[in-house]
Amino acid sequence: MFRGYANTAGNPERAGWRVERRKVNSGAIRSVGYDPSGQLLEIEFSSGSIVQYSRVGSETHRRLMSAPSMQSYFRDHIEESFSARRVR
């Protein structure tokens, strides 16, 4: 598990929300974390950048994690569908 950043306000769109990420076996995606209470999806890419996507439902996260191609699911269902904020 990897630790994301910490936020004290309970608003996942503000800098520093803590998300635990799990390492995944996907070419462009290194690790994925999800906070169901804040509906925050955090993805670390193989480039080293980390992006948080807000208002992501738990079903979307579940489908991402079980997708045959995590990268394709991300491109088709997440990348342009949710507000994103780069944290690193």
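Which pattern does the protein follow when read along the sequence? The pattern is β-β-β-β-β-α-α-β, made up of two helices and six strands. Helices (H or I, at least four residues) and strands (E, at least two) are DSSP runs, numbered from the N terminus.

This is a predicted model, in which local features need pLDDT of at least 70, side-chain atom pairs count only at pLDDT 80 or more, and totals for chains, interfaces and linings use all residues. Residues are numbered from 1 along each chain as its sequence is written, and side-chain values use heavy atoms, with hydrogens and water left out.

Some totals come before the details. The protein has 88 residues, of which 43% count as buried; buried means under 20% relative accessible area, exposed over 50%, and partly exposed in between (1.4 Å probe, protein chains only). The accessible surface comes to about 5,100 Å², and carbon and sulfur atoms hold 43% of that surface. These areas come from the Shrake-Rupley method with a 1.4 Å probe, and for residues only the protein chains shown count as cover. A contact means heavy atoms within 4.5 Å. Among contacts between residues at least 6 apart in sequence, 34% join residues at least 24 apart.

The helices can be taken next. Helix α2 spans residues 70-77, and its buried residues are Met-70, Tyr-73 and Phe-74. They lie on the same side of α2, because they cover an arc of only 100° around the axis. That arc is taken from the directions from the helix axis to the C-beta atoms. The cover over these buried residues includes β3 (29-35), β4 (40-45), β5 (50-54) and α1 (58-66).

Helix α1 packs against α2 at an angle of about 145°, with the axes 7 Å apart. Here axes are lines fitted to C-alpha atoms, for helices over the stretch in contact, and angles run from 0 to 180 degrees between N-to-C directions. On the α1 side the contact uses Thr-60, Arg-63, Leu-64 and Met-65, which meet Met-70, Tyr-73 and Phe-74 in α2. By class, this contact has five nonpolar, one polar and one charged residues. Ala, Val, Leu, Ile, Met, Phe, Trp, Tyr, Cys and Pro count as nonpolar, Asp, Glu, Lys and Arg as charged, and the others, Gly among them, as polar.

Charged pairs are the remaining topic. Side chains of opposite charge can pair when their charged atoms come close. The structure holds six salt bridges, each defined as a side-chain nitrogen of Lys or Arg within 4 Å of a carboxyl oxygen of Asp or Glu. One of them joins Arg-21 and Glu-44, whose closest N and O atoms are 3.6 Å apart. This pair links distant parts of the chain, with Arg-21 in strand β2 (residues 20-23) and Glu-44 in strand β4, 23 residues apart. Arg-21 counts as buried because its relative accessibility is 4%, and Glu-44 is also buried, at 5%.

Glu-44 also forms a salt bridge with Arg-88, with 3.0 Å between the closest N and O atoms. Arg-88 lies in the segment after β6 (84-86), 44 residues from Glu-44. At a relative accessible area of 43%, Arg-88 is partly exposed. Arg-21, Glu-44 and Arg-88 belong to a network of salt bridges that also links Arg-30 and Glu-42.

Glu-59 is partly exposed at 36% relative accessibility, and Arg-62 is partly exposed at 45%.
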